[in-house]
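Hi,

Here is the structure I promised to pass on.

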Amino acid sequence: MNLNNKHVALLIENNHNDLEVWCPLFRLQEAGARVTVVGTGGEKYLSKLGHPIAADLSADEAVNQAFDGVIVPGGYAPDLMRLSKAMVRMVATHVEAGKPVAAICHGTWMLASANVIRGRRVTGAPSIRDDLENAGAVFEDKSVVVDGNLITSRKPTDIPDFCREIVNALQG
């Protein structure tokens, strides 16, 4: 796998799930992709377990950049991410441009806020199923659901399938 020419944005906020951030980040770096961590505005963000990660750019700085893909990790970070208009716009723009946009667990909240899941097949944390369906999505309880350029997964144990599909989409 060679993703040497690919540039991927990984969105970040406080209260993110460590595995849903670090596993895709390391998997894409291993494949040669450049991963830019995009935060809502701060420089450092703490996970649900208190582990820090630094942002490379703010959403306001990144909103007009064209990435080859976007990853939205879960935890409770997406509830805070949805408050950033620039971050929501970034997700919507990349979905509309046909770029791979991947969200796991509560990360699919961002897809609902970006208004890009109406009529699309998705999965996510079972606790937000109603939110996704109310946003017009068709919910499927599977480890990974790929609908066009959208890649969604439910939880940390789905990460191997999630990462595999992200790599496949970036290669294709």
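Helices (H or I, at least four residues) and strands (E, at least two) are DSSP runs, numbered from the N terminus. This is a predicted model, in which local features need pLDDT of at least 70 and side-chain atom pairs count only at pLDDT 80 or more, while totals for chains, interfaces and linings use all residues. Residues are numbered from 1 along each chain as its sequence is written, and side-chain values use heavy atoms, with hydrogens and water left out.

Most residues other than glycine have a negative phi. Cys105, in the loop between strand 7 and helix 5 (108-113), has a positive phi near 60 degrees. Asn115 also has a positive phi, of about 60 degrees, and is found in the loop between helix 5 and strand 8 (121-122). Cys105 is buried at 11% relative accessible area, whereas Asn115 is exposed at 52% (buried is under 20%, exposed over 50%, partly exposed in between; 1.4 Å probe, protein chains only).

Next, have a look at Ser47, in the loop between strand 3 (44-46) and strand 4 (52-54). Ser47 is buried, with a relative accessible area of 4%. Leaving aside neighbours within four places in sequence, Ser47 is in contact (heavy atoms within 4.5 Å) with Asn15, His16 and Asp18.

Finally, the buried residues of helix 7, including Phe162, Cys163 and Leu170, pack against several elements, among them strand 1 (7-12), helix 1 (18-30) and strand 10 (144-147).

Best wishes
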